[in-house]
Amino acid sequence: MNAPAHNSEQRRIQSLPVHLANQIAAGEVVERPASVVKELLENSIDAGARHIELEVEQGGAKLIRVLDDGDGIHPDDLPLSTAPHATSKVYSQQELQQVLSLGFRGEALASIASVSRFAIASRQPQSEQGLRLDAQGKASEVIPCAMSPGTRIEARDLFYNTPARRKFLRTERTEYLHIEEVVKRLALSRYDIGFKLLHNGRQSLNLSPIDAPEQCGQRVAAVLGKSFLQHTLSLEFEAAGMRLWGWVGEPGYSRSQADAQYFYLNGRMIRDKLVNHAVRQAHQSIIEPGRHPAYLLYLELDPQQVDINVHPTKHEVRFRESRLVHDFLTRALLRAFSDRADELPLEPATQALTPSSTAYQGRTPEPARVAEQVAFYRQSLVPAPRPASAAAPARTPSATRLLAVAHGGYLLLQRAGELGVLAVSASRQLLLARRLGECLQSGEVQSQPLLIPATVRLGTKQIKTLERHGATLLRLGVVVERLGEEAVVLRQLPLLLRGVEAAALVSALCRFFASAPDADSEREPFLQGFSGQMAPLLPLPDMTIGETLLRELEQLLADGAMREDELPWLALSEERLAALFATKWP
């Protein structure tokens with residue numbers, strides 16, 4: 001192959017011709033006919049249209065015509081409509097920081113006009129007639145025309161003057177399906193607007209405007225199918241100045257392709273990595289690997305909290321409080337799933353700690369499966385299972401019977417032919433120290449993400465204490481993050497401590513670490529001190545919890561992990577028992 005000839009003459013810098021600059025810009029805005037459709041329909045929506053009709057021929061390559069009944073364009077502004085960077089939607093930097101319209105760059109019509117035979121006609125309601133502008137190359141002429149109030153735009157022979165771009169178009173059917181998908185996505189963003197789609201003269205979509213919120217399901221069923229509604233949960237969640245509503249696939253429902261995923265931010269369709277991660281995290285245990293969730297979600301928040309001016313197609317955004325938005329989305333979805341907890345597969349947590357950048361020392365345990373999160377709140381008083389690595393021997397019938405729970409802090413037992421009481425707090429301290437020691441030695445600390453992370457206000461000294469012991473907290477299965485100068489967020493705690501109130505747990509951690517006996521969390525003094533602080537925080541037992549606690553202690557005795565004389569057991573005569581509990585036992 002011959003190398004290109006080298007031009008020894010230095011090329012000078014000069015301004016590009018306007019038409020050539022618009023064609024270059026069109027490379028970013030106009031990727032295919034569906035890109036033109038998207039820009040034109042968004043303009044109609046921004047113009048306040050109530051009905052929008054779209055007609056395309058040959059997959060949009062021959063003709064794209066959009067007719068709406070919106071506010072129209074002022075007669076004096078029509079020549080500017082195809083000028084580069086001319087717009088009525090943004091006048092100042094302040095308006096750019098809180099964009100509410102779908103379009104705002106002012107380059108769409110100029111780019112489309114540079115690669116098609118373009119014409120635009122518009123009439124405002126107060127005008128007696130409309131005006132039409134034919135934008136062909138450098139020549140543009142405005143002439144009167146008869147039309148109803150609104151705007152009509154035609155883009156014929158797309159890429160007629162850039163044949164290399166036209167060669168990259170797919171088949172007519174493929175390009176039409178892309179157009180249809182654009183119309184559906186916009187139809188789901190505005191229920192109050194009617195949409196009609198025609199292809200090669202045949203009507204393929206006709207959606208009437210919907211004003212009543214309770215009828216939105218009709219639009220969803222018409223666009224996504226009735227099966228979508230039958231297999232989704234409706235949700236509405238509001239917190240921290242944000243609101244999420246819509247539909248999400250019920251537990252166990254998934255698709256082989258990511259073809260039923262629609263997410264809208266303040267009415268704008270977006271595809272954002274942060275949103276995708278939050279949705280995947282909420283679904284990670286209720287769908288199989290390789291399957292995709294289905295959802296139609298609408299997020300509403302202050303426009304000043306998001307920057308939408310980061311990509312020419314406006315599909316990507318940048319949140320100013322990205323972590324807050326991520327956690328809000330995950331919490332909202334998990335809240336919706338919690339209503340169907342009985343349908344979720346329950347499995348024990350066996351995930352090891354994995355690296356992350358969200359915790360104090362740069363590591364955080366991998367979130368447990370959603371099934372465990374739901375089970376945690378439905379069975380929060382059931383003691384945690386033993387580590388998976390500890391093989392449990394076959395049990396023999398117990399000779400100890402639980403008769404009653406007295407004053408919430410004692411178990412009344414019949415053991416070895418005598419009556420006695422077992423101190424719950426001391427027993428829990430002993431059990432917690434043993435089980436936690438086993439978990440630390442095996443490296444399998446089982447932890448549980450909170451369905452709703454808890455914010456706890458603390459003093460600066462307390463926060464610094466937690467930060468100094470961040471690595472130890474992670475080993476114990478506790479994930480705490482700083483939130484401002486006077487608060488922390490508790491996101492995850494050990495399964496051994498489930499049911500403990502968040503504020504009490506964080507305060508106890510601060511007290512414990514202020515005088516921790518040893519920084520080595522595997523040593524006995526540390527385990528005893530930690531368990532002594534945590535055990536009193538566990539909920540008061542009932543008969544079910546008391547029975548489980550009793551069997552756990554028996555298992556420790558059977559395994560040789562505890563001696564008989566360590567058991568906080570007090571044998572009582574009938575007289576002393578009656579006096580202690582102020583009742584006469586039969």
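Helices (H or I, at least four residues) and strands (E, at least two) are DSSP runs, numbered from the N terminus. Keep that in mind as you click along.

**Before you start**

This is a predicted model, in which local features need pLDDT of at least 70 and side-chain atom pairs count only at pLDDT 80 or more, while totals for chains, interfaces and linings use all residues. Residues are numbered from 1 along each chain as its sequence is written, and side-chain values use heavy atoms, with hydrogens and water left out.

The protein chain averages 78, and 77% of the residues score at least 70. Now select residues 341-397, where the pLDDT is below 50; beyond near neighbours in sequence, this stretch has 127 contacts (heavy atoms within 4.5 Å) in the model. Where pLDDT is low, the predicted coordinates should not be read in detail.

**Stop 1: threonine 330**

Select helix α10, residues 322-338, and find threonine 330 in it. Is threonine 330 buried or exposed? It is buried, because its relative accessible area is 7% (buried means under 20%, exposed over 50%, partly exposed in between, with a 1.4 Å probe and protein chains only). A polar atom of the threonine 330 side chain lies 3.0 Å from the backbone oxygen of histidine 326. Leaving out residues up to four places away in sequence, threonine 330 touches Ala278, Gln281 and Ala282. Next, show the C-alpha atom of leucine 451: it sits 8.8 Å from that of threonine 330, although the two residues are 121 apart along the chain.

**Stop 2: a three-stranded sheet**

Here is an open sheet with the strand order β21-β23-β22 and antiparallel pairing. Two strands pair if DSSP finds at least two bridges between them. At the edges are β21 (447-457) and β22 (479-482), each pairing on one side only. From one strand to the next, the twist averages 15°. Four bridges join β22 to β23 (residues 487-494); for glutamate 481, the bridge partner in β23 is valine 489.

**Stop 3: threonine 151**

Move to strand β6, residues 150-156, and pick threonine 151. Threonine 151 counts as buried because its relative accessibility is 8%. Its side chain makes a polar contact of 3.1 Å with that of serine 122 (a pair of N or O atoms within 3.5 Å; within protein, one must be able to donate a hydrogen and the other to accept it, and residues adjacent in sequence count only if both atoms are side-chain atoms).

**Stop 4: two asparagines in loops**

Most residues other than glycine have a negative phi. Asparagine 200, in the loop between β7 (194-199) and β8 (202-207), has a positive phi of about 55°. Asparagine 266 lies in the loop between β11 (261-265) and β12 (268-269), with a positive phi of about 50°. Which accessibility class does asparagine 266 fall into? At 28% relative accessibility, asparagine 266 is partly exposed; asparagine 200 is also partly exposed, at 40%.

Technical notes
Axes fitted to C-alpha atoms, helices over the stretch in contact; angles between N-to-C directions. pLDDT = per-residue confidence, 0-100.
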